[in-house]
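Dear colleague,

I am handing over the structure below, and I would ask you to open it before you read the notes that follow.

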Amino acid sequence: MSGRGRDLLITLAAAVVVVVAWKVLVIVAGYPAFVLPAPEVVAARFVEAWADGTLAPHTVTTLTEIALGFFVGAASALVIGYLLARSRFAERLLSPYLVAAQATPILAIAPLIALWFGSGLLGKVVICALIVFFPVAVATSVGFRSVDARLLEMARSFRATPLELVTRVEIPGALPAILGGMRVGVTLAVIGAIVGEWAGAERGLGVLINLARGSLFDTPLLFAALLTIALIGVALYVATLLVERRLVGARG
């Protein structure tokens, strides 16, 4: 069996163990469905919610917020991360503010962002971008700083232009670290979208979770929404990992 096949088998086996343990817990503890629904109940509600169109519009809204927030946050983080790596002045000027912003819980500032930017798409994109920004910026800075100085000197000795230094030496050398930060950032973007929706929104998986546990009192639907969020996170992480392997190859 190939390495990928073995990894897939292990992942599936772990998923089966989790589902079985979940089912055993429901049976042994005797939880009613409104407290902890059984796996088959959640699966049936998941299929039903997709079939009747309950989940689809909320999922599209959340995916839009994730995509735009990740793009804005990652793009700005690449620029700032490069400045932090190559400019001592920029590092001294920006680092304290970046650390302070990261230390502030996103849950604490999400209501303020919703107040400033409104409860529409823009506020969610800002929240996603903020939560994505820091890990990608740090990974970018570390990646560019880890580029072998001897390679840079050799490129300069061959009269490489500044643009050639960046595109042919620095970016390829920093790419593994940058893509590692992207993997973290893309999963945090999912969290940012849900937090933004909790701060105020009309549609989205975060809104559906609030509705399911509140006015609808539909715990299986709540679990179905959580399952959808988890699947989105896993899919985005795997997609980023595949891009990384495509660009820099598998490691380990």
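In what follows, two residues are said to be in contact when they have heavy atoms within 4.5 Å. Please keep in mind as you read that this is a predicted model.

With that definition, and leaving aside its neighbours within four places in sequence, Val132 is in contact with Phe70, Gly73, Ala74, Gly185 and Ala189. Val132 also belongs to the largest nonpolar core, which has 48 residues, and there Leu55, Phe70, Val132, Met182 and Leu205 touch the most other members. Several helices each supply at least two residues of this core, among them α2, α3 (55-86), α6 (121-145) and α10, while the largest share, 13 residues, comes from α8.

The largest pocket has a volume of about 430 Å³, and of the 14 residues that line it, the closest to its centre are Ala15, Val18, Val19, Leu227 and Leu231. Helices α1 (3-29), α2 (39-51) and α10 (219-248) each supply at least two residues of that lining, with α1 giving the most, 6 residues. By class, the lining has 13 nonpolar residues, 1 polar residue and no charged ones.

Lastly, a search of the whole structure finds 4 aromatic pairs. In one of them, the ring centres of Phe46 and Trp50 are 6.4 Å apart and the planes are at 70°, so the pair is edge-to-face. Both residues lie in helix α2, 4 residues apart, which is about one turn of the helix. Phe46 is buried, with a relative accessible area of 19%, whereas Trp50, at 35% relative accessibility, counts as partly exposed.

With best wishes

Technical notes:
Residues are numbered from 1 along each chain as its sequence is written. This is a predicted model: local features need pLDDT of at least 70, side-chain atom pairs count only at pLDDT 80 or more; totals for chains, interfaces and linings use all residues. Side-chain values use heavy atoms; hydrogens and water are left out. On a 1 Å grid over the protein atoms alone, a cavity is a set of points where a 1.4 Å probe fits but cannot get out, and a pocket is an open set with protein on both sides within 12 Å along at least five of seven lines; lining residues have an atom within 4 Å of a point. Grid points are joined across faces, edges and corners, and a volume is the space filled by probe spheres set on the points. Ala, Val, Leu, Ile, Met, Phe, Trp, Tyr, Cys and Pro count as nonpolar, Asp, Glu, Lys and Arg as charged, and the others, Gly among them, as polar. A nonpolar core is a set of buried Ala, Val, Leu, Ile, Met, Phe, Trp, Tyr and Cys residues joined through side-chain atoms within 4.5 Å. Buried means under 20% relative accessible area, exposed over 50%, partly exposed in between (1.4 Å probe, protein chains only). Rings of Phe, Tyr and Trp (its six-membered ring) pair if their centres lie within 6.5 Å; planes under 30 degrees apart count as stacked, over 60 as edge-to-face and the rest as tilted.
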